Structure formats: C-alpha cells, structure tokens
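Let's take a friendly walk through a protein model, one region at a time. Have your viewer ready and follow along.

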Amino acid sequence: MATAQGVRPPLVAPEVEGAAPERRREMQEQRLRRLVDRLLAAGGVQGRRLRDCGVERGDDVSLDQLHRLPLLAKEDFWESYPFGLRSAAAEDVVCVHGSSGTAGRQTLVAYTAHDVDVWAHVMARALGGAGVTRRSFVHCSYGYGMFTGGLGVHHGATRLGATVLPASSGATDRQLRLLLDLRPDVLCCTPSYAIYLGEAFASTGITAEQLSLRVGVFGAEPWTEEMRQGVERLLGLRAMNIYGLTEVIGPGVACESLDSGGLLNIAEDHFYPEVVGPDGQPLADGQPGELVFTTLTKTGTPLLRYRTGDVAALHGPAPGSARTLRRMSRVLGRTDDMLVIRGVNVFPSEVEAVLLADPRVAPHYLIVEDRRDRSRPELRIAVEPRDPQGDSEALERDLTAALHARLGLGCIVRVLPPDHIPRAETGKARRLVRWDYGVVPLPGLE
C-alpha cells in the first residue's frame, strides 16, 4: 500500500485554513447575512420562503438560528428549470454547468466570474492539501464539459501553478501511453476509473513500481476504504478523497489532506455544513445524516440550506493539524440509494465494504434490487473473482455469510466470470440497478 513517503508536505493557506474557529465563525455569520440580503433582493423561490418565515433582512438571521430557515432540494431546481434559482443578472453569468437527475431531468447551475474564482481558489487549496505543488504534473481523467469534475481540477491546478494534462475520460489506450510517456505525479479521476486504469496496466505487465504517480485525488462517486486500498495497490500512489457537487460549486467543497486523518477538510469559509436527520432537524457531530450546505459566497446561483442527498457525518478539526477546518466523513451513500429490503435499511457502501474486504474478490461488483416478487424483495450481488481458477462456490458461501453478519439480511451472491460485469470507462460506475418484471440486468444472476 502507498504511504506518505515520497509525497510532499501539504500546503496550508494559514489565513483561512488555519484561522481561529471563533474568528472564522464571525466571518461565516457576516457572509450568511449578506447571502440572505442577496436572496431577498433577487426574490424568487428562496426570497419568498425567507419572507414567509419572517425574515426581512440579513440581520434577522444568525448561525445559531440557521436550522429554523427553510431547506432547499434538487426538486426546486427541476421546478425552476432552467434558471429559476439564479440570483445574478444574465449578463454576469460566464458559464453554466449541470448534471442529469432522476429520469434524465437536468439540473442547471449558472456561475459568475466570481464563482469561478472561488472554485479555482478552493480547488487549489484542496490539491495543495493533498501534496500537489506548482512543480506537479497533473493527469486529469475526469470528464470535461457540463460535468464539473474535469474543469474543477483544471481551475485548481492552474491556480496552484501546476502543469495539467486535460486527458478527460475514455480513450484508455491513449491515457495509458500518456501516463507512461509524460510521467505525471498526480492522477485525478473517479475511483472506479482509477481501478480500470490500474487493471489495464497490469494486463500489459506494467507494475505500479514502473509508474511515476505518487498522489491520486479521486471523487464524484462514493467509495470505501477497501477500494482505496485496491487503488493504491494497483497504481502505487497515495489515494485521497475529494467531494463536491455541481449545485454547490463542483469538486472542492471538501477534500482529504495528508494531515486530515482520513476525513475531508470542508472549505467552510465558503460552504457552511450541516447534517440533518429525516425530519430535517440538525444532528450532532459524529452522527451520520444528510449533508446540507449553504453557499456563503456564491453569486450566480447561491443556495441556502441545500439538501445534497449525500449521507455523511461531521467532525471537528484534525488533532495536531495546522488546519482548523471542520471535517466530514467519506460519503456513506445517498438518501435516494438507501434500499429497504424486507424492513432492513441497506446502503450500497456497506455492501462494497464487505465485498472488497475479501482478497478473493476483484473490485467489480453489481448490486441488484430484485423486486420481481413484490411480496418478498431480494438483494442479489454479482462479483468477479481475482483468481478464475478459485473455488467460486466457497466464495459465494463466505460472502453470503459475511453480508448477513454485516447487514442482518440474507443476500443472493453470484460469482461471475472475469470481465462479465460492465466496466466504467467514462463517467461514474453504475453499481446499483433494479430488477423488475421483464428486466434482466445481468445474465447469470438467477
């Protein structure tokens, strides 16, 4: 497994990342009040909701009372499509990013030049904390376009002064050649694509020791500690976790640093975090719930208490770190991905943790919510073995037992032949599908 050896010390922006928490809180409160004034002046959905709960100016709100203000959700973007939540004038918008939601419904977010500047700033901080410097060569395999991943890394790397290769996603043969020829020290992509690249190298006989990579910054999809270990083993680098979403700013909302103890530092001078339960009430640090962010400094599409749908927990600053920022856990799942199988709540990340903890399992799997029999839904799991000559029946039995012990639920596990489960060469890996009448997600799962 890769260690911090050979990785340069993390960069710190002491005036913001190392500020005293009480001083930062004063700044957050000032920015919150200016945000509320902007929303009230713009009118629209958020301004009307604020007035409905008695807020007439920014001075009427405080961080202590933030939980009493209305929440915003992705449905508000859909109902206000295309730009009903925009607060800036149209002539101040310099770019639009977006993502597709349920059933392909678009979520469009307008960015001003100020927003892009904030984005570059927080991404530069994130990359610096992961050990990237102006001497680094960054191979960026996130997609470029309306998806924010590629351009977010690009903005941050160039702001930091590093060299960036905008490889984008796909064309894996070309990416392998560039990784060998240009010898970058930093790789940025989804964790599932990092696995794909590592396996592609291994299939040609190239080992991790022959690569120049030392740090990887991976995100855009939930991934577990077990997958981190797999990426590090395949590519010989230190794998770091980054978090973001288009609605808030893209990547750079939070990022793991070399001194953050495995959690992600939140850029909380720009994005104020909360975690709430199903009833919308705030939860204490350490308790997992739905992440909610308030964009304290955005001007194009500022958001007050936006429900992300991502499940995580908040924590205080890392002991002994120069950073005094609050931290978040890795994303444990999504509220809309939580399965209820015969009364048991299951997150896909829990399944992944069990599967990848077994060294006989390759890092490719598919979770199938089988609803063909509505009276008795089943959870079916497809995996591939590392050793095609291994005992598949024994592996199925052992994984079934391990999943039952972790989830308290009986699952149907099937070991499929190598390369049977679809790979994610572009975009995010699809790990969860639903099996209903007349739909066969993958042969061999019966």
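The paragraphs below go from helices to salt bridges and then to single residues.

A word on conventions: this is a predicted model, in which local features need pLDDT of at least 70 and side-chain atom pairs count only at pLDDT 80 or more, while totals for chains, interfaces and linings use all residues. Residues are numbered from 1 along each chain as its sequence is written, and side-chain values use heavy atoms, with hydrogens and water left out.

Start with helix α6, residues 172-182. Helices here are DSSP runs of H or I with at least four residues, strands are runs of E with at least two, and both are numbered from the N terminus. Which residues of α6 are buried? They are Thr172, Gln175, Leu176 and Leu179, where buried means under 20% relative accessible area, exposed means over 50%, and partly exposed is what falls in between, with a 1.4 Å probe and protein chains only. These residues cover an arc of only 100° around the axis, so they sit on the same side of α6; the arc is taken from the directions that run from the helix axis to the C-beta atoms. Among the elements covering the buried residues of α6 are β3 (137-140) and α7 (191-203).

From α7 we can move on to its partner. Two packed helices are described by the angle between their axes and the distance between the axes. For α7 and helix α8 (residues 225-235), the angle is about 35° and the axes are 9 Å apart. The axes are lines fitted to C-alpha atoms, for helices over the stretch in contact, and angles run from 0 to 180 degrees between N-to-C directions. On the α7 side, the contact is made by Pro191, Ala194, Ile195, Gly198, Glu199 and Phe201, and on the α8 side by Met227, Gly230, Val231, Leu234 and Leu235; contact means heavy atoms within 4.5 Å. The residues of this contact divide into eight nonpolar, two polar and one charged. In this grouping, Ala, Val, Leu, Ile, Met, Phe, Trp, Tyr, Cys and Pro count as nonpolar, Asp, Glu, Lys and Arg as charged, and the others, Gly among them, as polar.

Now for the charged side chains. Side chains of opposite charge can pair when their charged atoms come close. With a salt bridge taken as a side-chain nitrogen of Lys or Arg within 4 Å of a carboxyl oxygen of Asp or Glu, the count comes to 27. One of them joins glutamate 17 to arginine 323, with the closest N and O atoms 3.1 Å apart. Glutamate 17 lies in the segment before α1 (21-42) and arginine 323 in the loop between β13 (314-315) and β14 (327-328), so the pair ties together parts that are 306 residues apart in sequence. Are these two residues buried or exposed? Both glutamate 17 and arginine 323 are buried.

Another salt bridge brings together arginine 25 and aspartate 64 at 2.8 Å, N to O. Because arginine 25 lies in helix α1 and aspartate 64 in the loop between α2 (44-52) and α3 (74-79), this pair ties together parts 39 residues apart in sequence. Arginine 25 is partly exposed at 33% relative accessible area, whereas aspartate 64 is exposed at 54%. There is also a network of salt bridges that links Glu225, Arg228, Glu256 and Arg330.

Let's finish with two single residues. Leucine 291, in strand β11 (residues 289-295), is buried, with a relative accessible area of 0%. Not counting residues up to four places away in sequence, leucine 291 touches residues including Tyr243, Val275, Tyr306, Leu314 and Met328. Valine 116 belongs to helix α4 (residues 113-129) and counts as buried at 19% relative accessibility. Apart from neighbours within four places in sequence, valine 116 is in contact with Val94, Cys95, Tyr111 and His155.
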